[in-house]
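Grab a pencil and work through these exercises with the model open beside you. Try each task before you read its solution.

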Amino acid sequence: MSVTAPQGFEAAGVAVGLKSTGKQDVAVVVNRGPLKVGVAVFTSNRAKANPILWSEQAVKDGVVEAIVLNSGGANCFTGSFGFQTTHQTAEKAGALLDVSSGDILICSTGLIGTGDEVFRAKVLDGTEKAIAALTADGGEDASLAIMTTDSHPKRTVVQGDGWSIGGMAKGAGMLAPGLATMLVVITTDAVLTSAQADAHLRAATRVSFDRLDSDGCMSTNDQVTLMVSGASGVTPDPDAFTKALREVCTNLATQLQGDAEGASHDITIEVTGAASEDDAVEVGRSVARNNLFKAAIFGNDPNWGRVLAAIGTTDAVFDPYNVDVSMNGVRVCSQGGPDRPREEVDLTPRATHVLIDLKSGAAEATIWTNDLTHDYVHENSAYSS
């Protein structure tokens, strides 16, 4: 049930014609618990959609009663009219739920520039219909309503000691930090303050969603929200909650990776032996964004030379002639030179593991990416709705 698995939450997903397919396209998640805590992290793109501009302000007091999400239109670069659409959506939800509109978060996803009068009317209609359809097991419908080019919904639940965390996500393209192009709603019935929730969320996203770099393209609409109902009455052990929330975020991030548009390989780039974690992240990301490397993996070619060429563009501390590179368990490069024959590497499985040992320290980091395929180019050249 994802977001409705924890106690104290209701959700719904309805269809109002925003999607040409006629499928669900407006979702609402409501916190019915004794606590109304809400925190969020947002895209670091300077070009922000209207729902992001609204939600950044609404979440500042740490109180979130509900979140309204729509697919079928990003409501980004739609001017003051688009911001008023977001404002009106929050006002309608607040009135129907008898709460302040300033405690309603808004998310939109779809084509940038979409957000005219027809869009507004459908979003407002969908908000009303979704609130009327709220149930304690509506998480599945909500997860379907936020999909765009996703081939399937992304949901997960982790059980704690008397408390639980549930989550849903959408995303299949424009996957790059900060956050990747995603809408994520996470719910918990644990007892947390807003400061605690914010710290937990930022710690978890830093090593999960922020490490997903599928195609190097950063979205305008990214938002990851954590809602806390406190309905379990249990205050969790901080370390246990951090671990569980990281598990939820990592699970959803890897589900996003596995559904990346047109991809045929899910690539895990593990960087070890770095002088610092920042160095490890920079090196991993340089490989994840290298089109020559990504094309080589698509062709099942263990071209380690493209790995070294990519990491050589970074400012990380290492000696290029003292680096080891392994692919799917075979060390193809040792100390900056050839090692095992390429023929020993099997890159036909979808899961691909690249290990880069910089031999410059004890820090490490993992970046997730995908290969560059004909299907990715085709899908994104044809996408307009």
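**Exercise 1. Describe how helix H2 packs against helix H3.**

Step 1: Start with the geometry. Helix H2 (residues 79–97) packs on helix H3 (residues 117–132) at an angle of about 15 degrees, and their axes are 10 Å apart. Helices here are DSSP runs of H or I with at least four residues, strands are runs of E with at least two, and both are numbered from the N terminus. Axes are lines fitted to C-alpha atoms, for helices over the stretch in contact, and angles run from 0 to 180 degrees between N-to-C directions.

Step 2: Look at who touches whom. Phe 81, Gln 84 and Leu 97 are among the H2 residues that meet H3, where the partners include Phe 119, Val 123 and Ile 131 (contact means heavy atoms within 4.5 Å).

A quick word on the source: this is a predicted model, where local features need pLDDT of at least 70 and side-chain atom pairs count only at pLDDT 80 or more, while totals for chains, interfaces and linings use all residues. Residues are numbered from 1 along each chain as its sequence is written, and side-chain values use heavy atoms, with hydrogens and water left out.

**Exercise 2. Work out the strand order of the open sheet of 5 strands.**

Step 1: Read across the sheet: the order is S3-S9-S8-S7-S6, with mixed pairing. Two strands pair if DSSP finds at least two bridges between them.

Step 2: Find the edges. They are S3 (37–42) and S6 (154–159), each pairing on one side only.

Step 3: Check the twist, which averages 10 degrees from one strand to the next.

Step 4: Zoom in on one pair. S7 (residues 164–170) and S8 (residues 183–188) run antiparallel over 6 bridges, and Met 168 sits opposite Val 185 in S8.

Step 5: H5 (residues 194–206) lies across S3, S8 and S9 (223–228), at about 30 degrees to S3.
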